[in-house]
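Trainee: Could we go through this model together? I'd like to know what stands behind the labels.

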Amino acid sequence: MSQTAENTGSADETPRKKKALLPILVGMLGACLLGGGGFYMVYSGLILSAGNTAEGSSVAPQNRPAPTYMMIEQLTLSLATQGPSQHLRLSAHIEIAEGRLTDAELFRPRFLSVINTYLRAIDPRDLEDPTALLRLRAQLLRRLQMVAGEDLVNDFLITEFILN
């Protein structure tokens, strides 16, 4: 009699396990189908592609005005601490807003002061890091924008960067 009770109990649990497994399998199949469909739509360019931008939201490359640059002549600085690198040579260009080069020329002494001050204060070990140029460029761009205004300075381009 005890064997019969055990058999009916296990037979009753098996369909429940199968019924509980079905929604999980359906959910996993649906997630795979949706993920694959989303990948295909992005990969084929149906959504999130450069061609799907609204008209007039960006200027076409042919109609874009040529950028104006103000050259920062070659600067040679002695670094603050003694080490394998004792001098830094830097040349750069500042991208100026269209038609405002004469306004930017008035800020040239301040630009040079900001660049010199920042480069003298930076630790030479930080300059030897592979990502140093990116951080240096971002920091100098932000400082130049604070001096002259964000509407005047668009970008800071480093054309020569030599540690010796």
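Mentor: A nonpolar core is a set of buried Ala, Val, Leu, Ile, Met, Phe, Trp, Tyr and Cys residues joined through side-chain atoms within 4.5 Å. Buried means under 20% relative accessible area, exposed over 50%, and partly exposed in between, with a 1.4 Å probe and protein chains only. This is a predicted model, so local features need pLDDT of at least 70 and side-chain atom pairs count only at pLDDT 80 or more, while totals for chains, interfaces and linings use all residues. Residues are numbered from 1 along each chain as its sequence is written, and side-chain values use heavy atoms, leaving out hydrogens and water.

Trainee: Which residues touch the most other members of the largest nonpolar core?

Mentor: Ile-72, Ile-94, Ile-115, Leu-119, Leu-144 and Phe-156, out of 27 residues. Helix 3 gives the largest share, six residues. Helices (H or I, at least four residues) and strands (E, at least two) are DSSP runs, numbered from the N terminus.

Trainee: What is Phe-156 in contact with, leaving aside its neighbours within four places in sequence?

Mentor: Contact means heavy atoms within 4.5 Å. On that basis, the partners of Phe-156 include Ile-94, Ile-115 and Leu-144.

Trainee: How do you know that strand 2 and strand 3 pair?

Mentor: Two strands pair if DSSP finds at least two bridges between them. Nine bridges join strand 2 to strand 3, running antiparallel, so they meet the rule for a pair. The open sheet has three strands in the order 1-2-3.

Trainee: What makes Phe-39 and Tyr-43 a stacked pair?

Mentor: Rings of Phe, Tyr and Trp (its six-membered ring) pair if their centres lie within 6.5 Å; planes under 30 degrees apart count as stacked, over 60 as edge-to-face and the rest as tilted. For Phe-39 and Tyr-43 the values are 5.4 Å and 20 degrees, and the pair is stacked. Both lie in helix 1, four residues apart, about one turn of the helix.

Trainee: Why is Phe-39 called exposed?

Mentor: Because its relative accessibility is 54%, and exposed means over 50%. Tyr-43, at 67%, is exposed too.

Trainee: Why is the pair of Phe-107 and Phe-111 called stacked?

Mentor: Their ring centres are 6.1 Å apart and the planes are at 25 degrees, so the pair is stacked.

Trainee: Is Phe-111 buried or exposed?

Mentor: Phe-111 has a relative accessible area of 0%, so it is buried. Phe-107, with 26%, is partly exposed.
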